[in-house]
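Open the model in your viewer and keep the selection panel at hand. The tour below goes stop by stop, saying what to select and what is there.

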Amino acid sequence: MLRWAGHSLIFLLAAPILLGTLIASLPAFGYFPPLGSSDFSLEAWRELFEVPGLTRSVLISLISGVLTPLISLALVFLYLASATGSKLDLWIRRLVSPLLSFPHAAAAFGLAFLIAPSGLLSRIISPELTGWERPPDILIVNDTWGLTLLFGLIVKEVPFLLLMSLAALPQLQPRHRIEVARTLGYRPTIAWLKVIAPSLYPLVRLPVIVVIVFASATVDVALILGPTLPPTLSVRVLSWFNDPDLNLRFLAAAGSLLQLGVSLIAVAIWLALEKFVGLLWRFWLAAGNLNTGEGLAFAIGRSAMPLVLVVIAGSILALLANAFAGPWRYPSALPSSWTIQHWANSLSDLSTPLFNTVLISVSSTLLALLLVVATLESERQSSKSKSTALWLLYLPLLIPQIVFLFGIIVLTEFVGWQANLSLVIFGHLLFVLPYVFLSLSEAYRQLDPRWTQVASTLGASQLKSFWRIRIPLLLAPCLTAVAIGMAISISLFLPTQLLGAGRITTITSEAVALTSGASRNLISVWAVVQLSLPILGFMMALLIPKFVWRNRSGMIDTR
Amino acid sequence: MSNSDLELKDVSISLGGKQLLEINCSVGPGEILTVMGPSGSGKSSLLVYIAGFLAPVFESSGSVLVNGADVCSLAAERRHIGLLFQDPLLFPHLSVAGNLRFALQSNAKQKNQAISEGLNDIGLAGFDDRDPSTLSGGQASRVALLRLLLSAPNAVLLDEPFSKLDTQLREETRTLVFDKLRASGLPTILVTHDQADAEQAGGEIRTLL
Amino acid sequence: MAHLRPSTPLIRIFLLFVLLPHSSLTTAQAIDVADWSALEQQARGQTVYFNAWGGEPRINSYLNWVAQTLEQRFNITLQHVKVADTGETVSKIVAERTAGNDTNGSIDLLWINGENFAALKQNKLLFGPWAEEQPNFSLVNANRFPEMREDFTVPTDGLESPWTRSQLVFYHDSQWLAEPPQTIAAILDWSTFNPGEFTYPRPPAFLGSTFLKQAVLEISNNDPALFAPVTDDQFQRVTTELWDYLDALHPTLLRAGRYFPNSAAELRRLMGDGEISLALAFNPNEALLSVRTGELPDSVRTYVLQGGTIGNVSFLAIPYNAQHKAAAMITANFLLSIEAQARASNPNHMGSTTVISIEDLDVSARQQFEPVSTDLAAASPDELSRKLQEPHPSWTPALERAWIQRYSAR
């Protein structure tokens, strides 16, 4: 049975996504029998290229698709180069997983409430430093070229790439290599960039491509921070999809294929950039023992990460302040009074989405954990090397959500399925699986094989040593994987919205829906709830092993 | 008292077409066969092969007979061959008694009694509820030995089990381990670098090239 | 896992054999809209999926109260499906129709008017007529108020039940702007000298579209073409001056017109932060309610433009394929009751304007409604009586599309 786990895992991920993408592309070429059209035509494409401002939408998606990974990766590498082993590093390593769990929508709201002309930052420095009695009339949030969107994405993706890099680093034995380079006379930051960066990059390449696809196709972050005249391509596709005029479905289908193309072009640009930077690096390496730039690299690396942390902390602060603020006139730095009224008002609205959120995230994560552990266990028992098909796990992260989710919806409409909870849970599973796999696979594969061998020589069956040895030894990584999986599920917007047809609401789908009509206070209440759920998960992942193993000091550093 | 024997018949292990080792030998009850050889001579692969964990990249032939029966087709847990590694490898999430209980057959009677008698026997009476990570190196080695004995093996493999202990402790532990194994009448194969190990084992010495 | 439609041949055969003997119990019961007590019986235990705009917390919590009351009195579970745009709901119904789902629709009741109603009615996707059979329909006195039977000039034909009244109003912060402009033309003059003080939601957000309609009505002097289905020629002719007006207005708006708020709520937020001093709303009580919650400063005042502003009625309708029509009708009738309407119009709850003709009520019923507000922040009833009629619904999408075409990519 275990043997099938890996295959079913891949099938479960690949089939709906590939099928969804395929089906989504049919209407783009005029074929959509439910709307009475079964002739192939290029009408939708003609229409698409006449949409006003399409070039701008595509450009913005491309810009954020390329610049987000570029800047984020540069910051992460400079940070690792300059801070590895420092006190700051210890701190950041502890914070990186919870930071990753900060839901996109909540982060975007927090950022908007922090840096808007009337935001927390402006209030703190006004009127003393600026003389502003009223907010300055400058375009920050929703700016025309998506710079705030870019900024928000970078703040969000830096922790992700950092986590991926930290997971990959140990196999490069960085300390040893750096020592060698330093005995050759290289300064530490330059040494890292010269000897570690080139071998680390291939290991984080796939996560980087995930970032490219996400940044070029995000919907929820773009809805909150992105430009509006015109919006990004992904936001426009969603609005065409939701348009009462069903003929726009053809346009939406063509648009979603274009989105796929834009994401692919962003990846292609990246690959070209990769070649170019690789060439530069080789020249730089060949230039020999030069330490120019050590100071600058060190300064950027050391300051960027704290800056990201400060922005995130500021965003959380802005959300908390607004969630409890009474009347708060500009430019007061603080509200004139504090109140729990906003919480009292939302209490009755919170209960159903909260219940759904917990139900969906727990069930999709546990399902994912089951599948992932079964796959890893079968991989271990068959003692094969990593299955090559496992890269398919990344599929849900490599194809823009809006493309294949759109196809899945069309498919369910063909089959006549109604939106229901199990469909939403399945949709979440698609996105939770890769992250659970990513977070658990290294720990699972790196667990000392001798533990199982000892158990076997003591006469324990595979089953017994699985339950009594491997699972307890891996309790902490399993719980971390669960916390990450739940955090991912909690932050998902589009799968809930599309597969649940709006009838199944979660904290995130409600919070994003509130953008169109609620006060800043109410949005903040929802965002605070949204971001505290994953934190609860991470706290449990941290505290449960501490409690269970309180008398087992050997369990603290088995990872 | 076990009184079983272990025989290796035409055992050959190779990697990528290159033969690593070839061995024929027989170990009687209470005897200790020592296998020596430089790194890369395949002596660890030999133990892994006998225990049943040889990775599929290796090619192997020959048979391992325990009390005359070939165990090669059996899964590791059914071979009843115990193995002591360089590290004691006490399961960190179980107490000392938990580690020992893990080794007992599920149908064993009076488990608690067997455990406390065993601990008494190796000079660790009352250590039942201890966290294994609080034990000293020598104590942990003794618990690992007791755990192996409680699993009632028919043969024992030792993979440089004393190499990580300091000189004085090594002496003590070695004596205890060899005495216990001989007293249990178990056929044993010892893999080591250390000439002193081989001498004290007192049995046949094979050197791999 | 999923609910298969009984169109699968195997399931159909199964149904034929197993369920035929009691088919009267299992197939959808015939609906007799005139027999209200039978409907109440039928409705028991049903769940009503009510698709209604979910962007306004006051409305959401009002609907929570409605849900509790319905549960207690009629054993009906009301599920508020919060939608961002009623267009989504319309496309959902059309999608169900095209997929052949004619009996198990996912929507039982929806909040609707204007072009969305026109689209559904034209495609025969609504159940009915039923609305005028409701016991509470007489409360609206449709003979005196023809707008109860006419949705953006399109006859409702009993397919929708009136729910609330709305009217476009403007509000200003008297701290920054003492004498607000009284006409559409005056807004441009004032804004030219006070740039960055005004903006409006980006069409197709309904408040933004309403601003466009208000502007075109006033600029074209209520051109009769606006009350008939739109044609290309008429659109060209009537809107030319509108685009000239907007071309001049936009550079004077907040952020020089490079950004527009996405909703009435965001517009309100801008006012609350002091970013703008003039704004608009489609609920005459909006500013009053927001001052009470502290969202807006108490220097905010509401007013109606000199020549009057657009007013309309919004309705409740039932899709043709709704699964729980009986419960949907009971819900609509309850929402039209004196009790529900009085609570809805109370500024402490939803704060909308009732569709019930209060003058026709007896004294005790009348007392359930809050007396007319004399709050400084509210518009006077006198001002609110200056009402303009909505243009024909086909004008709304036409104006929206043209606006997007012109301004969404500048």
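This is a predicted model.

**Stop 1: chain B against chain A**

Show both chains and colour them apart. Here, 24 residues of chain B are in contact with 22 residues of chain A. On chain B, select strand E6 (81–84) and helix H2 (96–103); each supplies at least two residues of the side that touches chain A. E6(B) gives the most to that side, with three residues. Now colour the chain B side by residue class. The count is 14 nonpolar, seven polar and three charged.

**Stop 2: the parallel sheet of chain B**

Stay on chain B and keep E6 selected. E6 belongs to an open sheet of five strands, in the order E6-E7-E8-E3-E9 (chain B). The pairing in this sheet is parallel. Which strands stand at the edges? They are E6 and strand E9 (205–207) of chain B. Each has a single partner strand, so one side of each is left without a neighbour in the sheet. From one strand to the next, the twist averages 20°.

Next, select strand E7 (residues 155–159) and strand E8 (residues 188–192) of chain B. These two run parallel and are joined by four bridges. For one pair to click on, take Leu157(B): its bridge partner in E8(B) is Ile189(B).

**Stop 3: antiparallel pairs in chain B**

Select strand E1 (residues 6–15) and strand E4 (residues 58–66) of chain B. They pair in the antiparallel sense over eight bridges. Find Lys9(B), which stands opposite Ser63(B) in E4(B).

Follow E4(B) to strand E5 (residues 69–70) of chain B. These strands also pair in the antiparallel sense, over two bridges. Val66(B) has Ala69(B) in E5(B) as its bridge partner. How many residues lie between the strands of this hairpin? There are two, and Asn67(B) takes a positive phi near 50°.

**Stop 4: two helices of chain A**

Select helix H9 (residues 188–217) and helix H12 (residues 248–286) of chain A. They pack at an angle of about 160°, with their axes 9 Å apart. That angle makes H9(A) roughly antiparallel to H12(A). H9(A) passes H12(A) in a right-handed crossing.

Show side chains at the contact. From H9(A), the residues include Lys194(A), Pro198(A), Ile209(A) and Val213(A). Among those they meet in H12(A) are Gln259(A), Ala266(A), Trp270(A) and Trp281(A). By class, this contact has eleven nonpolar, three polar and one charged residues.

**Stop 5**

Move to helix H14 (residues 341–381) and helix H20 (residues 475–491) of chain A. Their axes come within 9 Å and cross at roughly 135°. H14(A) and H20(A) are therefore oblique to each other. Again look for the handedness: H14(A) passes H20(A) in a right-handed crossing.

Among the H14(A) residues in this contact are Thr357(A), Ile360(A), Ser364(A) and Leu369(A). On H20(A), look for residues including Cys478(A), Val482(A), Gly485(A) and Ile490(A). The classes here are nine nonpolar, six polar and no charged residues.

**Stop 6: chain C against chain A**

Bring chain C back. At this interface, 55 residues of chain C are in contact with 48 residues of chain A. Among the chain C elements that each supply at least two residues are helix H4 (57–74), strand E2 (77–83) and helix H16 (395–407). The largest share, eight residues, comes from H5(C). The chain C side divides into 21 nonpolar, 20 polar and 14 charged.

**Stop 7: the two domains of chain C**

Colour chain C by domain. The domain assignment gives domain 1 (34–164 + 313–367) and domain 2 (169–311 + 375–407). Taken over C-alpha atoms, their centres are 28 Å apart. Where the domains meet, twelve residues of domain 1 are in contact with 14 residues of domain 2. Select helix H6 (residues 114–122) of chain C: H6 gives the most to the domain 1 side, with three residues. That side divides into four nonpolar, six polar and two charged.

How values were computed
Residues are numbered from 1 along each chain as its sequence is written. Chains are lettered from A and ligands numbered from 1 in the order in which they are written. This is a predicted model: local features need pLDDT of at least 70, side-chain atom pairs count only at pLDDT 80 or more; totals for chains, interfaces and linings use all residues. Two residues are in contact if their C-beta atoms, placed from the backbone, lie within 7 Å. Ala, Val, Leu, Ile, Met, Phe, Trp, Tyr, Cys and Pro count as nonpolar, Asp, Glu, Lys and Arg as charged, and the others, Gly among them, as polar. Axes are lines fitted to C-alpha atoms, for helices over the stretch in contact, and angles run from 0 to 180 degrees between N-to-C directions. Angles under 35 degrees count as roughly parallel, over 145 as roughly antiparallel, 65 to 115 as roughly perpendicular and the rest as oblique. A crossing is left-handed if the near helix is turned anticlockwise from the far one by less than a right angle, and right-handed if clockwise. Domain bounds come from an automatic or database domain assignment. Two strands pair if DSSP finds at least two bridges between them.
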